[in-house]
Amino acid sequence: MLVLMLVVAATLRLCLLARAQPLCRNHMVRTGKLFHISQQIQGDLLYFSSTTAHLIQHPCKKNIALYLGRQMFFTRDNFKSSLLPLSIPTSMKVGIPEVTSAHIADSVLLLVVNQKVYIYDYEANSWNASIGIRHRVSRVSGDNCCYSGHPFCVDISNSVFAYLHGDQISQTNVYFSNTRGYRFQKFVYEKQAELVGSLGGIFYFHSLSQVGLLLIDQGKARFSYSEHPLNTSFGLPFDYNGTLDILITPGQKGILIFWFQKSLLVSRNSGQLVYPIHVREGPNTLYSSISEANITIHSVAANEYELAVLTQENNLYYGSLGILPSSLIKFAGQNIWSQEAALMFTDVGRVEILTPLPDSVFPAFDFQKCPVNIQAILMDPQLRVDVCKAELLQGDFDNKMYSIDMNSKLELTALMIPRPGMSLVPLAMVSNPHSLGLQAVIYEAGYTYDGNVKHRLNISLRQQHHWGRADPNFTSSIKRPTGSTITLDIANKEISCVDLKPLTALISVGCDQEKKIVIQNEISACHHGILDPVGLQDNYSYVIEREAYDPNFQGQKASEDLVVDYQYEKLGCPHLVYYNTPWKPVVELWREGKFQEVIKAEFVLLEVHGLFTYTYSLTAQTALCRAQPQNWTSIMENAGDKWPFAWDRENYVSCHDPDNDAPLRWPNVPYQILGGPTANKVIFDQRNGIYVFYVSIVDPYYSYCHLHTTFSVYVYGAFPLSIIPAAVTIIPLMVAMLLSVWLAYAIPKLLHTEKGLRFKGFWIHLCRRPQLLCTGTGAARILDGSWLK
């Protein structure tokens with residue numbers, strides 16, 4: 001009995017100690033003020049237009065953040081030093097230095113100051129005004145990609161919108177920049193003039209590959225989307241009370257946070273469905289919304305997996321941002337709120353309450369920090385939070401980026417280990433099911449040393465088109481590169497699983513940068529001794545006759561010969577081709593230095609120096625074209641900056657496509673597309689020499705990449721053209737042949753006449769008496785013809 005009483009007393013004591021522990025302990029950051037070095041603020045001091053403080057963190061570079069309040073502070077060390085308030089140079093002439101919106105785009109800070117956009121390059125410490133905006137704007141929006149230097153990822157960080165919040169959407173002007181805000185151009189949203197309501201925001205949802213436009217009308221809001229299949233309808237409407245700040249969480253997972261003082265909403269699918277976040281206060285009290293809980297939000301912070309809310313009632317709320325909805329949980333109260341306080345995540349499960357403090361002597365502000373250990377708080381018995389059921393969720397694909405090209409697939413694996421006696425429900429989800437489909441298989445994969453069952457999960461990803469399970473009205477256009485994220489989480493995971501974060505990877509359904517094409521060269525001119533590889537490398541050059549090329553690629557003769565330096569390092573030894581044999585190059589696909597396949601798709605050729613001494617074996621008619629086929633001449637007319645090599649998968653239209661309505665007006669023109677459904681080949685004219693070809697895969701359904709390369713061929717076997725005109729030789733030859741035929745007919749007939757017999761007798765007599773020629777009398781008789789008498 002005594003032992004039991006001691007145990008109960010110890011338990012009560014521990015509970016009292018747990019209750020007595022504060023939520024966080026304040027400490028001050030004060031640096032650079034020991035030697036009283038005076039720092040001066042230069043320029044116009046910036047301030048934020050909102051009455052509540054905001055804090056923007058760089059999702060990739062965690063030490064970079066911007067505090068927005070009555071003063072603004074920009075840090076590159078996570079507020080670990082005292083800072084001067086942020087100011088803009090007077091040379092920018094901003095007028096009223098009021099900031100209404102801010103965004104960190106990679107290595108630059110974008111600020112909307114007095115309805116204009118300014119850029120602060122914090123690495124170069126330089127300010128610039130954006131170019132191209134001709135109307136008033138009040139907001140900027142964008143996102144950052146932290147995975148790699150892949151072009152898809154770079155495009156995410158470079159994309160920025162600028163717009164005027166609250167303007168009538170049918171007539172508002174929206175601007176878009178793909179240069180991180182340095183240069184904007186007017187953005188045209190299809191059917192914008194038909195939309196009713198005011199503009200609540202415009203965002204590029206890269207997780208869905210859609211531009212989303214937020215419409216506000218009569219206290220309701222909903223999203224409109226730009227691309228098929230979502231452009232035919234709207235997202236579900238939701239209540240819009242007050243002016244909602246919209247926070248796009250990092251990681252391109254499509255999670256949006258909508259909030260103002262009396263409202264907190266979340267969307268896990270880029271605005272298609274928006275719903276309020278439930279609030280839990282104590283073990284038995286659950287509110288359906290912030291307004292029902294009667295709390296006033298002061299600051300909101302979110303990372304890839306977590307959400308934290310600071311209220312004016314001196315309370316901190318915490319929730320997870322997993323795949324399935326979860327509620328906010330209220331932590332014990334403490335005097336942590338002030339008008340200048342702001343929330344920020346410093347790590348997973350680590351929240352910090354930041355408050356700038358002015359100095360009576362120095363212009364630089366100090367910072368009061370109150371760090372909160374979420375995991376430690378959740379262990380408070382009063383919260384009655386269940387223990388995490390999972391021990392491990394691990395996958396090599398976490399926080400990585402992959403590419404899936406057309407007709408390709410991706411295999412991912414993960415390992416999951418539950419606690420003894422517990423069962424877990426894994427859930428894999430893609431953010432863009434219109435583009436990316438998945439199939440998952442789970443199986444037992446052995447046991448741990450403790451006897452726990454290990455579960456292996458295999459996930460197969462490929463384009464939704466190629467699974468064959470989705471309706472065409474559900475899938476996005478296969479010609480358009482898209483993106484998506486794949487997230488693996490545990491559906492029945494408790495909020496206490498702070499360190500057990502979901503596994504996420506970014507998938508680019510587009511060009512695989514590791515792919516390239518190579519022209520098969522099994523028979524080369526060097527192999528047969530026609531060309532010397534040593535000579536080709538020794539500044540080798542050759543001459544193209546002016547009659548054989550056109551620098552404008554129009555098939556017209558040039559005015560002078562062209563001397564070409566052969567690039568052996570790039571082209572190697574030329575492929576050997578006999579001029580009188582129809583020929584087609586064999587195009588191979590390689591990836592990461594490994595052969596993949598011989599390409600059967602459609603491709604085109606162009607001699608890079610303008611040689612036109614070749615044609616094609618098929619015409620538009622013999623190629624069975626339904627419409628007039630494209631050719632290099634028609635492509636170059638609209639080539640622009642890509643001239644002359646402008647023919648690619650983006651502008652190619654097959655003449656066999658039933659949707660191609662171009663009439664077949666010239667059926668006898670050469671058909672210039674090789675590969676695909678036809679047996680078209682190249683036919684060379686009677687000319688020997690080197691040809692350097694540009695080859696481009698134009699089939700839009702083969703790959704999202706612009707697969708192209710250059711290669712060389714050496715054409716041999718053609719006899720040199722005669723320098724004498726053909727008529728000069730052919731006409732005398734025909735006359736001689738006709739004369740020979742006539743003589744073959746006339747001479748036998750003449751021999752049967754009297755003169756013919758004399759002629760014959762003369763030659764007989766001449767053969768019998770050769771000495772006759774040597775005498776003067778005989779010679780005289782021959783000359784005067786008396787020998788015939």
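Q: Which helix and which strands each supply at least two residues of the lining of the second largest pocket?
A: This is a predicted model, in which local features need pLDDT of at least 70, side-chain atom pairs count only at pLDDT 80 or more, and totals for chains, interfaces and linings use all residues. Residues are numbered from 1 along each chain as its sequence is written, and side-chain values use heavy atoms, with hydrogens and water left out. On a 1 Å grid over the protein atoms alone, a pocket is an open set of points with protein on both sides within 12 Å along at least five of seven lines, and a lining residue has an atom within 4 Å of a point; helices (H or I, at least four residues) and strands (E, at least two) are DSSP runs numbered from the N terminus. For the second largest pocket, the elements that each supply at least two lining residues are helix H2 (151-158), strand E39 (482-490) and strand E40 (503-509).

Q: Which residues are closest to the centre of the second largest pocket?
A: This pocket holds about 610 Å³ of space, a volume being the space filled by probe spheres set on grid points that are joined across faces, edges and corners. H2 gives the largest share of the lining, five residues. Of the 25 lining residues, the closest to the centre are Pro-151, Phe-152, Asp-155, Pro-481 and Thr-482.

Q: How do the residues of that lining of the second largest pocket divide by class?
A: Ala, Val, Leu, Ile, Met, Phe, Trp, Tyr, Cys and Pro count as nonpolar, Asp, Glu, Lys and Arg as charged, and the others, Gly among them, as polar. Sorted this way, the lining of the second largest pocket comes to nine nonpolar, 12 polar and four charged.

Q: Which strands are included in what covers the buried residues of H2?
A: Buried means under 20% relative accessible area, exposed over 50% and partly exposed in between (1.4 Å probe, protein chains only). In H2 the buried residues are Phe-152, Cys-153, Ile-156, Ser-157 and Asn-158. Their cover includes strands E8 (98-105), E13 (160-163), E14 (174-177), E34 (400-403), E39 and E40.

Q: Which residues does Ser-209 contact, leaving aside its neighbours within four places in sequence?
A: Ser-209 lies in the loop between strand E16 (198-205) and strand E17 (210-217). It is buried, with a relative accessible area of 7%. With contact meaning heavy atoms within 4.5 Å, its partners beyond those neighbours are Glu-227, Asn-432, Arg-480, Thr-482 and Gly-483.

Q: How far apart in space are Gly-610 and Phe-693, C-alpha to C-alpha?
A: Gly-610 sits in the loop between strand E47 (603-607) and strand E48 (614-616), and it is buried at a relative accessible area of 4%. Phe-693 is among the residues in contact with Leu-605. Gly-610 and Phe-693 are 83 residues apart in sequence, while in space their separation is 9.7 Å.

Q: What is the volume of the largest cavity?
A: A cavity is a set of grid points where a 1.4 Å probe fits but cannot get out, and four of them reach 30 Å³ or more. The largest has 14 lining residues, of which Tyr-305, Ser-320, Lys-493, Cys-497 and Val-498 are closest to its centre. Its volume is about 100 Å³.

Q: At what distance does the side chain of Ser-130 reach the backbone oxygen of Gly-181?
A: Ser-130 belongs to the loop between strand E11 (126-129) and strand E12 (139-142), and it is buried, with a relative accessible area of 16%. Not counting residues up to four places away in sequence, it touches Val-117, Ile-119, Gly-181, Tyr-182 and Phe-184. Its side chain reaches the backbone oxygen of Gly-181 at 2.6 Å.

Q: What is the omega of the cis peptide bond that joins Trp-643 and Pro-644?
A: Most peptide bonds are trans. Pro-644 is placed in the loop between helix H8 (632-637) and strand E49 (673-674). The bond from Trp-643 to Pro-644 is cis, with omega about 0°.

Technical notes
A polar contact is a pair of N or O atoms within 3.5 Å; within protein, one must be able to donate a hydrogen and the other to accept it, and residues adjacent in sequence count only if both atoms are side-chain atoms.
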